[in-house]
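Me: I'd like to learn how to read a structure feature by feature. Could you walk me through one, giving the idea before the case?

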Amino acid sequence: MSQAIAPFPEVAHQHAVFPDGLPLDCGAVVVPLTVAYRTYGTLNAERSNAVLVCHALTGDQYLAEPHPVTGKPGWWESIVGPGKPLDTDRYFLVCANVLGGCMGSTGPRSEMTDAEGRGLGRPWGTDFPSVTIRDMVRAQKRLMEHLGIARWLAVIGGSMGGMQVLEWAATYPDAVLAAAPIACAAHHSAQNIAFHEVGRQAIHGDPDWMGGRYWEEGRIPARGLAVARMVAHITYLSEQALTRKFGRRLRGASALTFLEDVFEVESYLRYQGSTFVQRFDANSYLTITRAMDFFDLAAEHEGDLSAAFRGTATRFFLASFSSDWLFPTSESRAIVRALNAAGASVSFVEIASDKGHDAFLLEEPEFHAALGGFLRGAAEKAGV
Amino acid sequence: MPEAPTDIRYVAKNMRLDLRLIAEMIPHGAKVLDIGCGDGALIEHLTREKQADARGIEIDMAEVTKAVSSGLAVIHGDADNDLAFYPDGGFDYVVLSRTLQAVERPREVLRQMLRIGAHAIVSFPNFGHWELRWRLLTRGRMPDTETWNRPWYETPNIHPCTILDFIALCEMEGYRVEKWLAVDERGLKAPWRRSVRLANLFGEQALFLLRRAG
């Protein structure tokens, strides 16, 4: 895997361009701003049935259709579609690639531009400015205006998507009727930052990273990025899930030979790592993990999380999963308590699951029923 | 959480009669917090019939999931640990139905209820009922009745009280009793309206509407 892998296939993504660009929290301005997105369902005449779905760290806008690069099904296809909790007969779903991403939105893999938006003939790479979760949300706000939507019926997302949901509700409360931050936290914990740092160091340590200028040689730091993915993937699962799926089973052998033994769990992680590098840009990974690490919603409000939601009319739904140790239930409960203190309307369930953090993407009927019910309740209230 | 007796009579929309009595105490458009809301029957009723802004807390996750799946604003939590996070005066009515005897610190829970809400509505099974007194007197064993139907070593009802006990606590804490009534196990109003002592002897369940003093 240390040899060069051909650069990504160039895929045309549906997108909107904002020539005036986007000022970022760090002070830089990216000009122009491109937001790649996909929509599902139909916007009604009142423009009142739009639901924004925010994707997680390594997700993208291909929510409910085969991925143009990998050919795999959409990442939330299990709950998006006619009659499903995110009912495309009823709602108009919008999903945008985050700022800093690598599926068509402005990010480290886009052509670098100067202050006037003139292309410089090379990718941004590590020169791409630091972005925050709030910057991502501001980019989505531009898309919202472009689509002619004044208010989201709901903003929904898990993990980093949940952070965006919280930021949406805090920054643009009038634009969010209902908010569903799933399996997330109001800040990235020291443990979470630590795991991200291991991943970043793996990328930096790959000779093919070349100080972030790997594109110049047509290389990608595949080995480092794969290790980053492997470490992260462990944090998305639980001890029980790993035991259930793999136990101590060996690949192609029934007993240890002490020669070329490979545990199934090793083989699985290697596969996860090797497929990831075919669709994800290393500099994007560095940019987005950093944005997650920077996230601290309470800090944006003098350390008082409830102040972020004071007086809000948004209805909230939070769900956590019992075996999620990356974003444990205690983090969701802290948000619920802050929302209660702010007088907000909140629903909160902890779903019993052994699937770890990944549970929010998997078959969890109780979670799906609760999310669907919450959304129906919000739609009823809004007359959709 | 105390188990509701199985033979409670249900009225329209499957709402327990005692919940209906509670609902009657709550005016149109009120802001209500229902602690121990179960599957949210009272919340749903208040939302639909009285356009109330009604929210709930429930300890049993299966019930929470049911309530949330019906679109209700219910969180997983409990009376002892979650009330402290609500702001002063955030609600018009805070309801605690058939749960007071099962919380760890009933006095603190009541304080929280009347801090959060202008009114508190509390119902609890009356330990002063003659049948309990009789059984304890004649058998010398913990009572085993329709209401108090779990053995002492596994009952969740760790803080039973009588109607007189409750009134004494309200006096001590300076809460105003705006309304009270004693009901039988099925939630029907019992005719002991005029005498607290008779109600304490014959009422199986008690229902109180309290108000913060001053």
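Reply: What follows is a short tour of this predicted model, one feature at a time.

Me: Let's begin with chain B as a whole. How many helices and strands are there in chain B?

Reply: Chain B has eight helices and seven strands. Of its 214 residues, 53% are buried. The chain exposes about 10,000 Å², and carbon and sulfur atoms supply 52% of that.

Me: And what share of the contacts in chain B is between residues 24 or more positions apart?

Reply: Taking contacts with a separation of 6 or more, 65% are between residues 24 or more positions apart.

Me: Next, the surface. Which residues form a nonpolar patch there?

Reply: Look at B:W130, B:W134, B:L137, B:L198 and B:F202, which together have about 550 Å² of accessible area. Two elements of chain B give two or more residues each: α6 (130–139) and α8 (196–202). The most comes from α6(B), with three residues.

Me: Where is B:F202 placed, and how exposed is B:F202?

Reply: You'll find B:F202 in helix α8 of chain B. Its relative accessible area is 33%, so B:F202 counts as partly exposed.

Me: How do I describe two helices that pack together?

Reply: Two packed helices are described by the angle between their axes and the distance between the axes. For a case here, take helix α9 (residues 365–382) of chain A and helix α3 (residues 61–69) of chain B: the axes come within 7 Å and cross at roughly 35°.

Me: Which residues meet between α9(A) and α3(B)?

Reply: From α9(A) come A:E366, A:A369, A:A370, A:G373, A:F374 and A:R376, and they meet B:T65, B:V68 and B:S69 in α3(B). Sorted by class, this contact has four nonpolar, three polar and two charged residues.

Me: A:H368 is also in helix α9 of chain A. Is A:H368 buried or exposed?

Reply: A:H368 is buried, at 8% relative accessible area. Setting aside neighbours within four places in sequence, A:H368 is in contact with A:S78, A:I79, A:P85, A:L362 and A:E363.

Me: On to charges. How many salt bridges are there over all chains?

Reply: The count comes to 31. The test is a side-chain nitrogen of Lys or Arg within 4 Å of a carboxyl oxygen of Asp or Glu. In one case, A:D127 and A:R122 meet at 2.7 Å, N to O. Both ends are partly exposed: A:D127 has a relative accessible area of 38%, and A:R122 is at 22%.

Me: What about A:R337 and B:D82?

Reply: Their side chains form a salt bridge too, at 3.1 Å, N to O. A:R337 lies in helix α8 (residues 329–341) of chain A and B:D82 in helix α4 of chain B, so this pair joins two chains. A:R337 is partly exposed at 21%, whereas B:D82 is buried at 2%.

Me: How should I read a pair within one helix?

Reply: An α-helix has 3.6 residues a turn, so residues three or four places apart point the same way. Take B:K66 and B:E63, which form a salt bridge with the closest N and O atoms 3.6 Å apart. They are three residues apart in helix α3 of chain B, so about one helical turn separates them. B:E63 is partly exposed, at 23% relative accessibility. Elsewhere, salt bridges that share partners join A:D25, A:R134, A:D135, A:R138 and A:E300 into one network.

Key: Residues are numbered from 1 along each chain as its sequence is written. Chains are lettered from A and ligands numbered from 1 in the order in which they are written. This is a predicted model: local features need pLDDT of at least 70, side-chain atom pairs count only at pLDDT 80 or more; totals for chains, interfaces and linings use all residues. Side-chain values use heavy atoms; hydrogens and water are left out. Patches are made of residues with over 30% relative accessible area and no salt bridge: like charges are joined within 9 Å, nonpolar side chains (Val, Leu, Ile, Met, Phe, Trp, Tyr) within 5 Å. Accessible areas come from the Shrake-Rupley method with a 1.4 Å probe; for residues, only the protein chains shown count as cover. Helices (H or I, at least four residues) and strands (E, at least two) are DSSP runs, numbered from the N terminus. Buried means under 20% relative accessible area, exposed over 50%, partly exposed in between (1.4 Å probe, protein chains only). Axes are lines fitted to C-alpha atoms, for helices over the stretch in contact, and angles run from 0 to 180 degrees between N-to-C directions. Contact means heavy atoms within 4.5 Å. Ala, Val, Leu, Ile, Met, Phe, Trp, Tyr, Cys and Pro count as nonpolar, Asp, Glu, Lys and Arg as charged, and the others, Gly among them, as polar.
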